[in-house]
Amino acid sequence: MTPPPIPRPDHRRHVHVDAVDPHRRGTARGEQLRAHLPAALDVYDRLFALGGITPARVRDDAERALDAVGEFRPGARAEIEGIAHGAGLDPWRLAALNARTEILARSATVPPGECTTLVRRTVEPVEPTGGTAAGVRTFGVQTWDWHVELSAHWHTLESRGGRHTVVGLTEDGILGKVGINSGGLALHFNILGHARDGVGGVPVHVLAAVVLAEAGSVAEAVDLVRGAPLASSGSFALFDGTDATLLDLSPAGVFAVAPDERGLLVRTNHFLTPVPAAEEKTWLYQPDSGERHDFVRARLARLQSLPDTSEALARCLVTGPGEPPVTCLPDPAEALGRRWASLATVTLDPATRTAAVLDGTPADLGTRPWRTLTAT
């Protein structure tokens, strides 16, 4: 039986904010999301409850996370509080959204079913005459897989007024997720799981937003991430016009993975470096993550010529029946917390400072339009 299509709004929201003051940027976001945030919060409240996390614990975790954000970057806290102000909600409610990964890490009953990311770094050969230097180009793609109940609760974003303009995709109320900035730094985002994950550090979604707002290169981004207090896990695929790296973020530290001999970075949802892998939540992410990772790598290995455009790279993420669910479709027979779906497909290109967002799965390429955003 073919799974039913993923429900999607007729028009995907786009949030545009432009203010130097972070609280004002947040207020502008909150005003644009005011009618939509209660429904998103309701879904997360149900997911928290399903995971056995009491409302009192959610509030305590959210307030601790907000304090950690304020100590690390007061401006990020001000922006979260601004969203709450613009939406007419208590600040801890928005903090809970931004720390949803960390709060859900307490749950053993809401299993993750997550994203697949590909980044390619290409080096053009030097001309035999020696007249032209080698040219380097990077580009990437990912699926964003999450609970189908949240399919209406994300939007594209254009945020101006900080050090860098940022464009990309995020969930309603959450500062950042996947995107690219006017400095040419791109960030793809995946969740990982470590036995010591919890609340107390900077939430990984907030850290992604800070990286895109402040860093203008991979080197700057890595330095920023290494200086952040982390109590939870994730992966940032970071690339600019010439450089690319894949970070394992965890309470055990931050560890980098370089592109392979073909210039490829492949990420699903398990650690790729040994120190954090020693305490990985394998019971949550395996065998699914490993199967997707091996499948994509094997598919790429069979190609004589690697994709040379972002959209061509995205086609490598199309899967069907009998294959690991890189293209993820929800099972209507499953209950809340187990209906995973590829809610969006996102490509990032530092050369053009563009993020292209497909409100669909990789299998929808050619049948649904891309929304292209430019960070200038």
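Mentor: Happy to. Let's begin with Gln142, whose side chain reaches the backbone nitrogen of Phe189 at 2.9 Å. The side chain of Gln142 also makes a polar contact of 3.1 Å with the side chain of His188. A polar contact here is a pair of N or O atoms within 3.5 Å; within protein, one atom must be able to donate a hydrogen and the other to accept it, and residues adjacent in sequence count only if both atoms are side-chain atoms.

Before we go on, keep in mind that this is a predicted model, in which local features need pLDDT of at least 70 and side-chain atom pairs count only at pLDDT 80 or more, while totals for chains, interfaces and linings use all residues. Residues are numbered from 1 along each chain as its sequence is written, and side-chain values use heavy atoms, leaving out hydrogens and water.

Is Gln142 buried or exposed? Gln142 has a relative accessible area of 0%, so it counts as buried (buried is under 20% relative accessible area, exposed over 50% and partly exposed in between, with a 1.4 Å probe and protein chains only). Leaving aside residues up to four places away in sequence, Gln142 touches Cys115, Thr116, Thr117, Val178, His188, Phe189, Asn190, Leu317, Ala344, Thr345 and Val346; contact means heavy atoms within 4.5 Å.

Now widen the view. Gln142 lies in strand E3, residues 136–147; helices (H or I, at least four residues) and strands (E, at least two) are DSSP runs numbered from the N terminus. E3 belongs to an open sheet of six strands, ordered E11-E2-E3-E12-E13-E14 with antiparallel pairing (strands pair if DSSP finds at least two bridges between them). Strands E11 (264–267) and E14 (370–374) are at the edges with a single partner strand each, so one side of each has no neighbour in the sheet. From one strand to the next, the twist averages 15°. Helix H11 (residues 288–302) packs on this sheet, where it touches E11 and strand E2 (117–123), and its direction makes about 155° with that of E11. Axes are lines fitted to C-alpha atoms, for helices over the stretch in contact, and angles run from 0 to 180 degrees between N-to-C directions.

The loop between E13 and E14 holds Thr367. At 63% relative accessibility Thr367 is exposed, whereas Gln142 is buried. The side chain of Thr367 reaches the backbone oxygen of Asp364 at 2.8 Å.

Go back to Val178, one of the residues that Gln142 touches. Val178 is the bridge partner in E6 of Leu169, and this takes us into another sheet. That sheet is open, with eight strands in the order E1-E4-E5-E6-E7-E8-E9-E10 and mixed pairing. Its edge strands, E1 (14–18) and E10 (253–257), pair on one side only. Its twist averages 20° from one strand to the next.

E5 pairs with E6 (residues 178–181) in the antiparallel sense over four bridges; the two form a hairpin with six residues between them, and Gly173 in the turn has a positive phi of about 90°. With strand E4 (residues 154–160), E5 also pairs in the antiparallel sense, over six bridges. Along that pairing, His155 stands opposite Thr170, and Thr156 has Leu169 as its bridge partner. The hairpin of E4 and E5 has five residues between the strands, and Gly161 there takes a positive phi near 115°.

Why is E5 described as largely enclosed by the rest of the structure? Because six of the six residues of E5 are buried. Both faces are covered, with Val166, Gly168 and Thr170 buried on one side and Val167, Leu169 and Glu171 on the other.
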